Amino acid sequence: MNYRAIKGTKDILPSESSRWQFVEQTIRDVFHRFNYKEIRTPIFETTALFARSIGELTDIVGKEMYTFQDRSGDSVTLRPEETASVMRSYIQNNLGEAQPLVKVYYIGPMFRQERPQAGRLRQFHQFGAEATGSPTAETDAEIIALAIEIYRRLGITDYSLKINSVGDEECRPRYKEILRNELLKIAEKLSPESQRRIEQNPMRVLDSKDERDLELTAAMPLIVDYLNEECAAHFEKVKSLLTAYGIPFTVDGRLVRGLDYYTKTAFEITSTELGSQDALAGGGRYDLLVKELGGRSTPSVGFAAGMERLMMILEKKQFQAPQQNPKIFLACADESAREWVLRTTMHLRSNGISAECDLLSRSLKAQMKEADRQNAKYVIVVGSKELANGKVLLKDLSNHTHQEVQLDTLQELIQ
Ligand code: AMP
């Protein structure tokens, strides 16, 4: 074969798509119950939007974006995440004018040029939500509860929720300075990557993937102990609401997340069902982003979650989505019935019944085999005799029973 899907991309095949659709529908349903409305933003945006909002120093902007010049010479980027796009749209369309709190969700493909491995793709799918316009801890707790509810609805129980507060523009710089000074004392023992981060993003050193870095930084000061009064009260309120909602969590003082615009609450949901890529979802508050992008200062909180990782867990659990098989297969016994079969198939479809018939002029035997293969619930065989009598044998393939029925009552009987 000459062409193959690009490395790190995957087809969602017809045999898998009913599961995807079911899961997406469940996710939408939970979003709607929480009164979040869907937003669909373009798959590509100007490169500067992502560079500005995600941060030049992050891995995403530094090495993972699919960025190219279009034919007019403009630099565009396939979206690596959707928060930036949603905030761009919020500002551009004045969404905050109509209501003080705007609650939106999205589901769609994202693109990052990462090294592909199990659970890590270059085109992957995320669902997520953003609540923009509220600074309250109640909103953070709702966003976390919303993400958790999606996993709960899908029967996923082996997840853990970690939360932290990353402070704000007042207390974080103070903490960063203290941390930087501590890190400088052990700088030469740290991994090269962590050494590089000390100056620009010292908090990221604490969530290094390097075991030795983690040992060396085990006793480092954590931001939770340096929060100002407002951030500390906010964090306490989020925790007490999660407890009130019956959502277990642990506080992880090293959780910082890769993106620059987070303030106060940060959270991550992981699962032991996944391998090394164990993050199911991440999110938090980002009160500085809208202003950063040129809008009026607007507090906001949200999360993003990976679809493929969710699907991996469901697959492991042998989760069965409701099948999308035809309700009835109309087999044609002889040429004289062909037009009736085609017409009736169309008629049933118009009336909300999924119906199938043969389009390949196959023998009756082959048609019956096809009905089986398609897992149709019912099958009828129609020929000149059936048309003359106005009656047909309705076979129920699911329980191997049959009954003689009037052709004109067929639709009611299988409804
Ligand atoms: P992030 O936007 O990096 O916080 O990612 C949020 C979630 O998206 C992660 O917890 C993963 O579940 C998922 N995710 C991120 N990157 C990838 C990827 N390259 N392939 C598959 N899923 C991903």
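A crossing of two helices is left-handed if the near helix is turned anticlockwise from the far one by less than a right angle, and right-handed if clockwise. By this definition, helix 1 and helix 6 make a right-handed crossing. The model is predicted: local features need pLDDT of at least 70, side-chain atom pairs count only at pLDDT 80 or more, and totals for chains, interfaces and linings use all residues. Residues are numbered from 1 along each chain as its sequence is written, and side-chain values use heavy atoms, with hydrogens and water left out.

Helices are DSSP runs (H or I, at least four residues), numbered from the N terminus. Axes are lines fitted to C-alpha atoms over the stretch in contact, and angles run from 0 to 180 degrees between N-to-C directions. Contact (heavy atoms within 4.5 Å) involves Thr-26, Ile-27, Asp-29, Val-30, Phe-31 and Arg-33 in helix 1. Their partners in helix 6 are Leu-146, Glu-149, Ile-150 and Arg-153.

Helix 1 also crosses helix 13 (residues 307-316), at roughly 115° and with axes within 11 Å. Helix 1 is thus roughly perpendicular to helix 13. This crossing is right-handed. Helix 1 contributes Arg-19, Trp-20, Val-23, Glu-24 and Ile-27 to the contact. Helix 13 contributes Met-307, Glu-308, Leu-310, Met-311, Leu-314 and Glu-315.

Definitions and conventions. Helices (H or I, at least four residues) and strands (E, at least two) are DSSP runs, numbered from the N terminus. Angles under 35 degrees count as roughly parallel, over 145 as roughly antiparallel, 65 to 115 as roughly perpendicular and the rest as oblique.
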